[in-house]
Each structure stands twice: as structure tokens, then as C-alpha cells.
Amino acid sequence: MPEPPFAITLKPGSSRANHTGSWRTERPEYVRRAAPCGTACPAGEDPQAWLYHAEEGGYEAAWRRIMADNPLPAVMGRVCYHPCQGACNRAQLDEAVGINAVERFLGDAAIEAGWTPDPPRPATGKRVLVVGAGPAGLSAAYHLVRAGHAVEIHDAEERPGGMMRYGIPRYRLPREVLDAEIERILALGVEVHLGSRVDDLEALMAEGRFDAAFVGVGAQLARRTYIPAGSAARVLDAVSLLRSVEDGDPPLLGRRVAVVGGGDTAFDVARTARRLGATDAIVVYRRTRERMPAHEEEAEQAVEEDVTVRWMSTIDHVDGDRVAVERMELDEEGRLRPTGEIEELRADAVVLATGQECDLGLLERMRGVEVAEGHVRVGAGLMTGRPGVWCGGDVLGREQTVTAAIGHGREAAAAIDGWLAGRHPWASASAPAAEIADFDLLNPWYFGDAPHAVRPRLDHARRVSTFDEVVGGLDADIALYEARRCLSCGSCLACDNCYGLCPDAAVIKLEPGGAYAYAFDLDYCKGCGICARECPVGAIRMVPEEI
Amino acid sequence: MVTSAELLAAAAFAGGGHPQAFPSFGSERSGAPVVAYCRIDDEPIRSHEPIAEPDVVIVQDPTLLHQVAVFDGLRPGGTVLVNTGKTAAELGIAELPGLPRVVTVPAGQIGREHIGRPMPGPALLGAFAAVTGAIALPALEAALRERFPGDLGDANAAAARAAHDREVASAAPA
Amino acid sequence: MLRLLEGSMAVAETVGRCRPDVIAAYPISPQTHIVEALSRAVRAGELGDCELLNVESEFAAMSACIGAAAVGARPYTATASQGLLYMSEALFNAAGLGLPIVMTVANRAIGAPINIWNDHSDALSQRDSGWIQLFAESIQEAVDLHVQAYRLAETLSLPVMVCMDGFVLTHAHEPVEVPDADAVDAFLPRVAPAQVLDPDAPQTIGAMVGPDAFTEVRYLMHHKQMAALDAIPHIAGEFAAAFGRDSGGLVRGYRLDGAETVVVAMGSVMGAIEEVVDELRDGGVPVGALALRCFRPTPTAELREALAPARRVVVVEKAMSPGTGGIVGADVRRALDGCDTRVHDVIAGLGGRPITKASLRTLLARAREDRLGALSFLDLDRDRVAAELARAGTPTAPGGHAAQALAAAGLWEEDA
Amino acid sequence: MTDPTRIRYAQVGTRAVGNRLLDPAERALQSDPRRANAITSGHRACRGCGEALAARSVVDAAMAVAGGRVVAANATGCLEVFSTPYPESSWQLPWIHSVFANAPSVAAGIAAGLRARGRDDIRVLGQGGDGGTVDIGFACLSGMFERNDDVLFVCYDNGGYMNTGAQRSGATPPGAATTTTPAVPGRPGAELGQGKSAPLVAMAHEIPYVATATIADLHDLEAKVRRAMEIRGARYLHVLSTCPLGWGSDSALSIELARLAVETGLFPVFEARDGEVVDATPIRRRRPVEDYLRPQRRFAHLFEPEPQRDVLDALQRRADRNIARFGLDRHA
């Protein structure tokens with residue numbers, strides 16, 4: 001064809017010679033913002049990260065991502081009170097993502113499939129003592145072993161698990177699940193000494209076999225609040241009751257049981273009592289429902305099981321099967337005060353669930369370890385005042401949950417590893433807190449409407465007669481569905497909005513596997529900000545150009 | 001009317017001449033008075049202007065005789081063909097300045113007889129052929145048959161011939 | 001073979017033999033017969049795959065032709081008068097894009113007052129559109145020019161306007177020879193267009209051009225027109241060789257030898273002029289005539305060569321530029337720049353008024369007596385104008401421009 | 001058992017352009033690196049230009065259907081000016097610009113030319129802004145419709161003559177201030193009761209396909225182009241395209257505003273065949289018109305110095321009428 005006429009006719013696509021990037025006053029940047037679920041997780045999990053794999057059906061990858069932080073997904077998926085879901089942005093759209101349910105699904109899938117954790121790193125030759133085979137100790141041991149250290153667990157009980165076994169009823173945490181996950185940890189090469197109570201850590205450490213120690217002995221002692229009681233009265237404490245149930249010889253409670261307290265344990269006891277044959281299980285709590293420390297769903301499930309609650313009440317005294325209950329009231333300042341109004345109710349047994357304390361005897365002779373109000377003071381990385389000795393779990397007197405304990409174990413293990421390796425600072429002050437992907441940083445328009453999937457519940461009859469697990473798991477379809485409800489807050493999920501909506505075609509798709517799925521072509525990007533505005537997950541940020 | 005001019009040209013062309021026909025241009029509305037022109041020559045015709053000095057004026061509608069200056073520019077000794085059953089005297093055009101030859105032809109009548117409708121064109125053209133000799137009757141008949149295929153063509157040709165023969169007869173010495 | 005045909009029919013048949021791919025037109029007198037005939041031909045399948053678009057306006061007609069030409073199809077349209085003006089924007093665009101389009105213009109006056117009869121106001125009003133503008137003297141030449149126009153348009157990548165006098169040529173019946181179909185095919189081979197919309201080789205046609213290149217683009221357009229001055233006679237020559245007829249070209253002289261007075265004109269009026277020239281020559285009067293067959297581009301050199309020897313040139317033109325006067329006359333003056341030849345603009349035949357031989361005789365007589373001004377109006381009804389001026393009281397200050405104009409137009413001649 | 005489609009779309013609805021969880025076939029073409037990029041980088045459109053995005057999406061989709069064999073005729077306007085200033089063109093398909101008013105006729109001529117040359121495998125696209133389509137080009141457009149020429153004509157509606165500095169067009173929404181309907185106290189800007197709906201007029205021609213769409217939903221936009229391309233004859237697509245300059249809006253809001261135009265009911269998104277509406281996109285989360293108006297400077301006079309209630313109410317009624325007329329609250 002002859003040459004086209006000058007100027008009137010142009011070559012196609014020749015505008016690429018015109019670099020419109022120079023118009024820009026702001027430039028877009030791909031960023032990773034922290035999902036609220038992760039920042040809220042006491043165990044230090046990053047649910048967004050593992051849900052990302054689960055969304056694709058990559059269950060094992062998802063499980064491994066959990067295992068990087070927490071060795072007990074199946075347990076977590078049952079006993080965790082999931083603060084992650086409390087922080088979930090999706091709650092502002094419809095309902096929070098059922099992170100806990102998916103985690104349980106993955107944990108169970110792992111047990112069923114027999115997935116094993118990634119092998120430990122090469123041996124470091126260091127040896128660490130872990131006192132207590134509860135969630136804190138097991139978590140610490142797991143991370144330490146994987147870091148290549150030799151770990152020796154000592155626990156006073158005959159079976160590992162600590163409060164997970166002796167404090168949490170099996171209808172909430174089936175033992176085969178607990179055993180499976182503990183066994184998986186121990187199988188990594190942890191040396192366990194059960195029935196081996198450590199009374200004097202100073203002495204044990206003096207033997208020089210250990211380069212460091214982690215203490216997670218938990219809060220095993222019931223706090224006894226004094227209640228005037230006649231000789232005929234049967235007054236027990238929650239810890240020993242739950243423990244005796246676990247040991248297989250539960251006491252005779254009778255048909256009517258009163259439980260004193262407002263924590264999760266109080267409800268565990270009441271629900272346990274129902275299963276032991278009590279027809280009336282009454283929780284007596286001195287404060288209002290709002291002030292109750294127990295988690296809402298615990299109370300709910302208890303009520304579903306016909307447990308009744310007396311709010312704003314205390315037990316004045318017990319005489320035989322007669323329990324005198326005094327009603328409380330709030331004064332002007334909203335403080336509780338007795339009213340003197342006494343009401344009597346019948347109870348064959350009264351169980352005190354008024355809190356637990358730690359037995360810190362093993363630390364008495366240990367120099368440098370500071371104990372205050374029955375709890376151990378720790379510094380960065382959870383090391384006590386005694387170099388080489390760490391503490392975690394209930395003994396810290398912070399949030400006393402399995403989840404928190406697991407988090408402590410992880411945090412301490414990281415510190416111990418750094419300390420043993422002689423890193424400075426050995427307690428890697430947890431990475432600079434990334435900006436949190438709050439709801440207003442997302443563009444929720446793009447998310448489909450998808451209500452929360454509920455987990456099946458055991459039928460009422462079996463709930464009040466057996467210790468079968470109450471809450472069921474999700475089947476694969478629903479688990480996938482639930483995983484895909486994740487908004488992937490703060491992390492690119494490769495939705496192509498930025499690529500497809502750029503008026504200047506200034507977004508480049510990258511090969512999968514890199515840090516990001518896309519890159520900006522700054523030769524042409526005019527900095528309009530559409531990509532950032534339309535990013536569903538808030539993974540793009542506009543930053544001013546230096547001109 | 002326009003058709004007559006074209007037929008005249010067609011007949012002339014068929015006879016080997018170099019005719020030219022054109023209407024008095026305008027947005028013609030049927031029924032309105034119109035004028036059409038026809039030049040016939042042995043040489044190609046260069047001029048395209050309206051004919052100012054005709055040799056022959058053919059009047060299809062005698063009612064126009066006293067409304068339009070139909071004889072303007074008529075050459076001395078020119079010819080006027082009028083479609084009428086009356087005589088020139090009856091029409092009051094026997095004594096025209098320059099004394100043109102006035103030929104009256106009951107063309108509408110002839111048309112009705114042969115074509116079934118008072119179409120004056122063919123008869124006037126037949127008379128024109130007889131009176132002027134500018135076109136030959138067979139050429140005219142051919143032109144009519146080409147323009148009006150089938151029976152209608154024959155009827156037109158018959159009308160033309162009838163008028164032609166009538167003029168030849170009347171011109172013949174008694 | 002000669003056939004007695006109406007001008008419009010002859011043109012339509014010829015255009016058909018040029019094998020247009022797309023015909024887009026809108027009815028307007030006196031162009032309608034051409035498009036009607038082509039519509040019948042397309043419907044009858046006589047034009048193969050030719051597409052006929054019954055567009056909603058002349059503007060759309062030319063726009064459709066632009067589109068068709070842009071994909072390498074051979075377009076055709078015809079219009080006149082107001083229609084030509086209505087497509088004016090597209091005319092300039094077609095020329096600016098350098099698209100080969102052929103259009104018949106059945107020349108007609110432009111209103112107001114509305115007037116359907118022939119003159120050249122329409123075509124001349126588009127003289128700066130960048131189109132080549134050819135004027136036909138006869139039906140035969142109109143026919144021949146269409147064949148040449150396609151060859152020209154496609155060789156130069158330029159749109160070509162074939163102008164033929166409305167009614168005078170479009171509605172007249174004359175013996176005419178329609179070029180032989182095979183010969184036309186041979187004369188119009190398909191050539192690869194300079195630019196075409198083709199998915200296999202995408203181009204952007206019709207870019208926005210700023211001050212940095214616009215002058216150059218315009219100059220190149222002018223250059224193309226200059227090249228056309230060489231191509232037009234060349235193609236006319238090839239046409240003559242192929243079809244045995246002299247038609248087209250730039251100018252055609254008639255009895256110029258020793259002519260003191262030369263009449264210049266465009267279109268069908270040439271016939272009457274030649275007849276008058278013959279009369280005068282027979283009477284020993286040295287007059288000649290020159291037909292301007294190509295108005296745009298302006299054959300300046302040819303005009304000069306033909307007219308310089310004469311003492312005076314009388315330009316009889318069927319259009320005018322109010323406030324100036326003759327349009328062709330102005331071109332002729334430019335061509336004669338520096339010569340002693342005097343140029344007289346004579347505005348004639350506006351809105352269909354016949355240019356009679358009688359009037360031409362008088363005109364030439366007055367010219368020879370040097371009684372012709374620079375600008376005059378043939379057969380102007382002085383009384384009517386004078387009466388109206390008097391009625392309207394149009395201010396004509398003695399010695400003022402208007403008064404001088406009146407004098408120049410010979411309106412006071414009788415009194416003088 | 002759970003509905004698998006719900007599962008598939010649970011995380012990110014198909015509203016996102018792509019989404020790795022979707023089958024590639026269900027992603028928008030604009031998410032495909034192999035898209036034609038019919039109007040490529042380096043064009044001179046304003047920052048955040050909705051028309052540039054709309055045009056790329058439309059032409060890419062058309063080219064995908066036609067296997068790349070598409071020719072476009074463009075009216076004068078922003079799209080033409082910012083894409084083809086000598087010496088650079090952003091277009092990657094055969095493209096021609098003639099004048100302002102004649103794009104539909106040029107396209108018709110192209111279609112006729114291609115058909116005559118036996119090349120109707122090549123499809124023809126006409127493009128223009130609302131000025132070139134709804135106003136000055138309307139006669140040509142109507143002719144193209146009425147003749148049922150084989151052209152898909154696309155109007156990128158940004159509600160005014162933005163190329164010349166935001167003057168009012170027949171598609172300027174009532175209430176909007178433009179440089180020729182300036183905001184003066186107590187006046188609505190563009191008069192209420194003026195302006196026309198080109199899509200409805202197009203439908204009156206009973207052409208095979210008429211649809212509206214916006215840049216806020218590329219899936220819908222592309223699907224409509226695809227459906228239009230599967231049909232021969234005259235087809236019309238009217239695409240609302242945000243103009244940050246003319247609307248006085250933040251360039252980052254270009255998609256959001258198009259979305260709000262739909263969610264308020266001010267811009268009904270529907271599809272018509274042979275003159276009958278066959279589908280309308282229901283409003284997902286209905287919003288009051290003020291949510292759409294407030295972010296745009298062209299409507300600022302409706303709120304400052306004090307709100308022009310009557311005008312705002314009239315605009316809300318307008319939206320309500322659309323919603324009722326097209327049944328946009330089906331799911332609401």
C-alpha cells in the first residue's frame with residue numbers, strides 16, 4: 001500500500017511515545033495492610049492469610065499457614081472464643097466470617113488426612129525445658145522444636161494438655177481431637193515427662209542440662225470464696241469437679257445444682273451438671289449479665305440446655321439443701337451492694353466457680369523472678385527477671401484462655417530462639433505494626449451478599465444426657481463457602497479491578513507467584529486514583545509524588 | 001406535451017437527424033400549461049437555449065391561444081398546428097401578423113378514435129410530419145411503437161397515420 | 001452508438017458503467033432523474049453488488065461516500081443547489097482527507113429567493129472546498145467527464161465534482177454515446193487507495209493536526225491540485241485515445257486565431273456563444289470563445305496563453321459574488337496579470353434566465369465599442385431595479401460606491 | 001446443600017473485573033492481558049476519564065467478538081481529540097474521524113462499502129459523545145437507525161460538550177450547571193423538563209438492539225456489546241461515562257459516580273430488542289439522588305448557599321419515575 005498522507009493519517013498505537021506519567025501528582029502503590037482478624041488473634045494467627053488458600057480449596061496449604069503460628073487448629077476451632085470474628089470487617093456488611101468454623105474444618109481435615117508439620121530445622125544443640133504440657137507449653141515446645149532445639153516437657157499430670165483436658169469438658173473438646181493434635185506435636189521429637197512435677201526450677205536448671213526454660217504451669221488451684229455452710233451441705237469447687245469428670249469418677253451432685261460464678265467455667269460446670277443428671281442447674285452470679293466475664297455463646301448454649309441464671313445474686317449461706325440467696329443492687333455510683341433481701345432455693349450441691357490461682361511454688365527459690373499478686377512479671381518476649389527463664393499462659397495473669405496461652409508459647413519460643421542464637425535484640429520486637437485495613441479502606445460494593453453459614457448443633461436430648469460434642473463441623477462445601485466470605489482485608493486477592501478499570505491501561509499483570517499480582521506502569525499512570533478507590537480490599541495506596 | 005417533444009425528437013433521430021428536445025423547465029404539475037421545445041438539424045446542435053424563433057408551433061390546448069402569447073417569435077412563413085375540431089377562422093387566428101400557415105387538426109378526436117382517449121399528441125405529430133416533412137411517418141410510427149409497447153403503440157401509430165393521411169389528402173389538389 | 005437520451009439517463013447509465021460500489025444520494029431537483037435511474041438499475045441488479053443508500057440528507061450522502069471511500073469502495077452521489085451547500089462541511093472534509101469520490105452537481109441557483117433553475121452559484125460557492133470542479137458543455141461531455149472523473153479521483157486521491165447545467169443538460173434529450181462498458185472497465189482499473197481502513201493494517205484516518213503541521217497539510221492539498229492540472233489533460237488525452245472523443249481537459253478555445261474579443265464561459269452556454277461567434281466571424285468580426293472546462297484547479301497558465309493575445313475578454317458567468325462581482329472573472333484577471341487585455345465580467349443567466357443569442361450579439365457589439373464596464377449584468381431589467389431602488393429609497397449618494405456601481409452596471413446609461 | 005453458585009461468588013461478586021476465583025470465561029474481558037487495548041496508553045484524556053475506559057472496554061469487546069475485524073468511525077469530540085492528536089494515535093484498530101455530525105453516516109457508508117466489496121466479515125462501529133450523538137449527529141443517527149444499517153453505534157454520554165469546556169447538550173441532566181446553563185441563585189442550572197433520552201428515541205425506531213450501560217459494571221457493558229455484535233443491523237449502545245472535568249468531581253470517583261447514577265435510579269440500565277425493553281438491571285442498594293449529586297461541583301448550587309429543595313425533589317421524582325418505569329427495584 002502507498003504511504004498514507006502526511007499528518008492526516010497516523011500509525012496505530014503510536015501514542016505510546018507520549019509518556020503521560022509526567023502528569024501525575026500522586027502515585028498508586030500496592031500495599032499489604034493488616035487484616036483486623038489477625039491483629040485481634042491472641043494466638044498470633046493471620047486468618048486472612050490462611051483463608052486466602054482455603055478460598056482456592058487449598059486446604060493443606062491453608063492448614064500449613066495456620067501451623068506456622070498455631071499447632072492446635074482443631075482445638076482452636078472448638079475452644080477459641082474467636083476475637084478474630086469480633087474484629088471481622090464482614091460483620092459490617094452482613095455477618096462476620098466463620099473463621100473459627102473454617103479453622104476447625106481445616107484442623108479436622110488435617111487429622112483425617114494425617115498431614116504432618118514441616119520438618120524441624122537442623123539441630124542447634126540447644127536444650128530447652130518446658131514446664132507444663134498445657135496450651136502454652138505445647139505451643140512453646142512446638143515452635144522451639146521446629147526451630148531445631150531439643151525440648152523436654154515436664155508435666156505433673158498423667159496426660160498432657162493441661163486445662164484443655166482437665167478444665168474444658170469433652171462436649172466442647174473431644175479428647176480424640178485433643179490427643180491427635182498433641183501427639184502430632186510430640187511426634188516432632190519432643191521429650192515428654194508426664195507425672196513429673198517440677199517443684200524447684202532453680203535446682204533443675206542448676207543441673208545445667210537446659211540452656212533455657214519456659215514455664216507454663218497454668219492456674220490449677222481453685223480460688224475458694226468462703227460461704228458459711230452447715231455440715232450437711234455439699235460444697236465443691238469447679239476445678240476438682242471438672243477434673244473428676246475427666247478422670248471418670250464424677251461425684252454425685254443430685255438433681256439440683258447451684259453454681260456460683262459468672263465465668264466460662266461456671267457455665268461449663270452447670271452444663272456438666274446437666275449431663276451428670278441434674279435436672280435443675282442454676283448459675284448464681286452477683287453482677288449483671290453485661291458484667292459477666294463468661295463468653296456470650298457459653299451462656300447461650302447453657303441456657304439452651306435449660307441452665308437458669310440468677311443475676312445480681314450471691315449465696316449468703318448454705319444449710320443442707322437450702323441455699324440462702326441474697327439479691328444485690330447497684331448504688332448511685334453503680335457499685336454493687338447487698339440489699340439484705342434473702343431468698344431461699346433448694347440445691348443438692350453448690351459448686352464454686354469463682355476463679356483459679358497458679359501454684360508458683362517451683363519459682364519460689366528462683367532468683368530474679370518477680371511474682372506479684374500471684375502472677376509472674378515478664379518483660380520483652382515474656383522473659384522473666386531471670387535470664388533464660390520464660391513464662392506464659394495463665395501464670396501471667398493476663399487473658400486466661402487457651403488461645404492466649406498458645407500465643408504466649410509462640411511469642412516466648414521466638415524470644416528463646418533469638419536468645420539462644422545470641423541475636424540482638426533477641427526478643428524480636430514483633431514487626432512494626434502494619435496499618436490496619438479498617439472497613440472504610442475497603443470497597444465493599446464488589447463483595448457478593450453471603451450470609452454466615454451456621455454450624456450444625458447436636459440435638460437437645462443428647463446435649464443434656466451425653467458428653468458428645470455439641471457443635472458440629474462444616475462440610476467441605478460450606479467451609480469453602482465460608483472461606484470465600486473472607487474480604488481479604490488489606491491483601492490483594494487478584495480481582496483485576498485495578499487492571500481492568502485503569503483509563504490509561506497503566507497497570508501491568510505480573511506472572512503469578514510474585515509479591516504482587518500487578519505493577520503500575522508509571523510511564524503512563526496519571527495518578528487518577530481510580531485503582532485505589534475501586535480496590536475491594538484496600539491494598540492500593542495513593543502517595544504524593546515529589547515534584 | 002413534453003412527451004410529444006421527445007417523440008418528435010425520437011422520430012427525427014430515427015430518421016437520421018440530430019434532434020434536441022427539452023421542456024420549459026420547472027416543477028411541472030399535471031394540468032398546468034407547459035411548453036416544450038424541439039430542434040431538428042442535420043448537424044449536431046450546440047445551442048441549449050430555449051427556442052426564441054420557432055419555425056413551427058404546435059398547440060395541444062387551444063384554450064391557451066388567447067391566454068399565452070403562443071405565436072411570439074414565430075418565423076415569417078412559419079406554421080401553426082392547433083388541436084381543434086374548429087377552423088382557424090372559428091378560432092379567430094386566421095389572420096395572424098406575418099400570416100403563418102395555420103393547420104387545424106382534430107387531434108383529440110383522432111386520438112379518441114384510435115387510442116380510446118382524447119390524446120392529441122400522436123395525431124398532431126402525424127400532421128406535423130405531413131405538413132413539414134421534417135420527420136418521416138415511418139420514423140414517427142417507430143418512435144411511437146418504441147415509446148408505447150404493444151397494442152398501445154400500434155394505436156398511437158394508427159392515430160399518427162390517420163392524421164398524417166388526412167393532411168396529405170387535404171393538401172392534395174382537388 | 002449514438003442514442004437519443006435524456007441527459008440524466010445518459011449520465012446515470014455511464015455512472016453505472018463506472019461500477020460504483022456505493023451510491024448515497026438525497027433527492028433534489030434537477031438531480032433527481034439521475035438518482036432515480038441509478039436506483040432502478042441497482043434494484044434491477046444491473047450494478048452487481050452496488051449498495052444504494054437512501055440517506056436522510058445530502059450531508060449524510062457525502063458522509064456515507066466518505067465512509068465508503070475510506071474502505072476502498074467506489075462511491076457516487078449527485079446533488080444540486082441547497083443540497084450542495086448542506087453537504088458543504090463534508091465536502092471540505094472529503095477533500096481534506098483526500099478521498100476519491102465522484103459527484104455530479106446538476107447546477108442550480110441558491111436561495112433566497114428559492115429558485116430551482118440553472119446557474120452556477122452552487123458549485124462556485126464551494127470553489128475553496130478542495131474539490132476538482134469540471135464543467136460540461138453538453139450532455140455528451142457530461143457523460144464523458146464522469147468516466148474521466150473516476151480515473152482522476154483515484155489517481156490523485158481527490159474528490160471530483162462533475163458540473164452539468166441543471167435542466168438544460170439534465171432534462172434535455174440529445175443524441176449521445178454512452179461509453180462502452182468494457183472500455184470503461186479498461187479505463188478504470190481498481191487501484192490501491194492511498195489510505196484505507198483495513199483490520200490487517202490498521203490506520204488512524206482523520207487525525208487532529210495543530211499549528212505545527214496544518215500549513216504543510218494545506219500546502220500539500222494545493223500541490224495536489226497543481227498536479228491535477230497536469231493529470232486532467234493527460235487523462236482527457238487517454239480518454240480521447242480510448243473513446244475517440246475530445247472532452248474534458250482544462251480549456252477549449254474556439255476560433256481564437258486573431259480574435260480581438262474572446263468570450264469566456266463555462267457549461268452549456270458555450271453552444272449559443274459559438275453560434276454567435278460564427279455569425280460574427282462570418283461578418284468578419286474577430287471574435288473567439290474559450291470554454292473553461294476545469295474551474296478548480298484554475299488553469300491559470302492555459303487561460304493566460306489563450307487570452308493574452310486578445311484585446312478584451314468578456315467573461316460570461318452564471319454566478320456572482322455579491323459585493324464583488326464576477327468569480328470566474330477574478331480568476332481570469334489573475335491569469336492575465338500584467339497583460340493589456342481588458343477583462344469584462346458579465347453576470348448572466350442567473351436563476352435560469354436564458355442567455356439568448358440576441359443578448360449575446362448586443363453584448364459583444366457593446367464590448368467592441370468599448371461600452372462594456374468591468375462588471376455588467378446581461379438583460380438586467382433596469383426599470384424594475386430603478387423602480388425598486390426608488391421605492392425602497394436605498395441611499396445612493398451621488399458619486400458614492402452604489403452610484404458608481406449603478407453606472408458600471410449601465411443602469412444610467414440611457415440617461416447618460 | 002449449599003448452592004454452588006453462591007459459593008463461587010461469595011467472596012467477590014462478579015462485579016469485580018476479574019477475581020482469581022472465577023473461571024476465566026466468567027471474568028470481564030478487561031481482566032484479560034490479551035485484550036486488544038483498542039485505545040492504548042499515552043492518550044491525552046484527563047486524569048480519571050470515564051470515556052477512555054468506556055471506549056476501550058466497548059471496542060475491545062467488539063473486537064473480541066469479531067476476531068479483531070472491526071472498523072470504527074468517530075465523531076468529533078473529546079474521544080477523537082485526546083486519542084488522535086498528530087503525530088500520535090492511541091487507536092489500534094482501523095479508525096476514521098470525519099466531522100462532528102456525521103459519524104453515523106460515515107459508519108453507514110463504511111458498512112455499505114464493505115458489503116459491496118464482499119467484506120462484511122468486518123464489523124462496523126460508530127462512536128461519539130453525547131453532543132455528536134444526541135444533538136448535532138441526531139439526524140444522521142436516526143437515518144442510520146431507520147435504514148437499519150449494519151452498524152453498532154455507541155454514545156459515550158458525559159452529559160455535555162466537555163471537549164469545548166462543558167456546555168449544555170441535549171443529554172445534560174436537569175439541574176446540572178454548565179457554562180451555558182450557569183448556576184445562578186434560585187435557578188436549577190440546566191432547566192428541568194428539558195433534554196432527551198436518546199435510547200428511548202432509538203427504541204422508537206424499533207431497531208434490533210438498544211441498551212444502556214455504565215463504566216461501573218464492565219461485565220454488563222461487555223455483555224451488551226457482545227449481544228449487540230451477535231446481531232446484524234442498526235444497534236445502539238448508550239454508555240454513561242464520567243467526566244471529572246465537566247462534572248467537577250474527584251478523578252478517583254469516576255467509577256463510583258457511575259455506580260451512584262445507577263443506584264439512585266437517575267441512569268436506568270436496560271436492554272431493548274425491536275423497540276421493547278426486555279431487561280433492566282435492578283438497583284442493588286438504592287441510594288437517594290443527593291448521594292450522587294453532592295460529590296459533583298456541577299450540582300453544588302443545589303446545596304449551597306442553601307439547598308434548592310424543589311429542584312432536589314424534582315430530581316428525586318425523576319429517579320423514582322425511572323425506577324417505576326423500568327422496574328429497577330425488583331430486588332429492592
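Me: In chain A, what share of the contacts with a separation of 6 or more comes from residues 24 or more positions apart?

Reply: The share is 71%. Keep in mind that this is a predicted model.

Me: How many helices and strands does chain A have?

Reply: Chain A has 18 helices and 22 strands. Its 547 residues include 50% that count as buried. Along the principal axes, the C-alpha atoms of chain A fill a box of roughly 115 × 55 × 50 Å.

Me: Let me zoom in on one strand. Are the residues of β15 in chain A buried or exposed?

Reply: Check each face in turn. Strand β15 covers residues 349–352 of chain A. A349(A) and V351(A) lie on one side, and both are buried.

Me: Which strands pair with β15(A), and in what sense?

Reply: Take the partners one by one. Strand β8 of chain A, residues 235–237, pairs with β15(A) in the parallel sense over 3 bridges. Strand β9 of chain A, residues 256–260, also runs parallel to β15(A), and 4 bridges join them.

Me: Which residues of β15(A) stand opposite L236(A) and V260(A)?

Reply: The bridge partner of L236(A) is V351(A). V260(A) stands opposite L352(A).

Me: Now helices. What describes two packed helices?

Reply: Two packed helices are described by the angle between their axes and the distance between the axes. Now the case in chain D. Helix α2(D) packs with α8(D), residues 218–229, at an angle of about 45°. The axes are 9 Å apart.

Me: Why is α2(D) called oblique to α8(D)?

Reply: The angle of about 45° makes α2(D) oblique to α8(D). An angle has to be under 35 degrees to count as roughly parallel, and 65 to 115 to count as roughly perpendicular. As for handedness, α2(D) passes α8(D) in a right-handed crossing.

Me: Which residues make the contact between α2(D) and α8(D)?

Reply: From α2(D) come S57(D), V58(D), A61(D), A62(D) and V65(D). From α8(D) come L218(D), L221(D), E222(D), V225(D), R226(D) and M229(D). By class, that contact has 8 nonpolar, 1 polar and 2 charged residues.

Me: On to the chains. Which pair of chains shares the most contacts?

Reply: Chains A and D do, of the 4 pairs of chains in contact. There, 49 residues of chain D are in contact with 50 residues of chain A. On the chain D side, the elements giving two or more residues are α1 (4–10), α2 (50–65) and α10 (254–264). By class, that side has 21 nonpolar, 19 polar and 9 charged residues.

Me: How many residues do chains C and B give to their contact?

Reply: Chain C gives 21 residues and chain B gives 18. On the chain C side, β8 (173–177) and α10 (270–282) each supply at least two residues. The most comes from α10(C), with 4 residues. That side of chain C divides into 11 nonpolar, 7 polar and 3 charged residues.

Me: How far apart are the nearest C-alpha atoms of chains A and B, and the closest ones of chains B and D?

Reply: Chains A and B do not touch, and their nearest C-alpha atoms are 43 Å apart. No contact joins chains B and D either, and their closest C-alpha atoms lie 27 Å apart.

Methods
Residues are numbered from 1 along each chain as its sequence is written. Chains are lettered from A and ligands numbered from 1 in the order in which they are written. This is a predicted model: local features need pLDDT of at least 70, side-chain atom pairs count only at pLDDT 80 or more; totals for chains, interfaces and linings use all residues. Two residues are in contact if their C-beta atoms, placed from the backbone, lie within 7 Å. Ala, Val, Leu, Ile, Met, Phe, Trp, Tyr, Cys and Pro count as nonpolar, Asp, Glu, Lys and Arg as charged, and the others, Gly among them, as polar. A residue is buried if 20 or more other C-beta atoms lie within 10 Å of its own, exposed if 12 or fewer, and partly exposed in between; C-beta atoms are placed from the backbone. Two strands pair if DSSP finds at least two bridges between them. Axes are lines fitted to C-alpha atoms, for helices over the stretch in contact, and angles run from 0 to 180 degrees between N-to-C directions. Angles under 35 degrees count as roughly parallel, over 145 as roughly antiparallel, 65 to 115 as roughly perpendicular and the rest as oblique. A crossing is left-handed if the near helix is turned anticlockwise from the far one by less than a right angle, and right-handed if clockwise.
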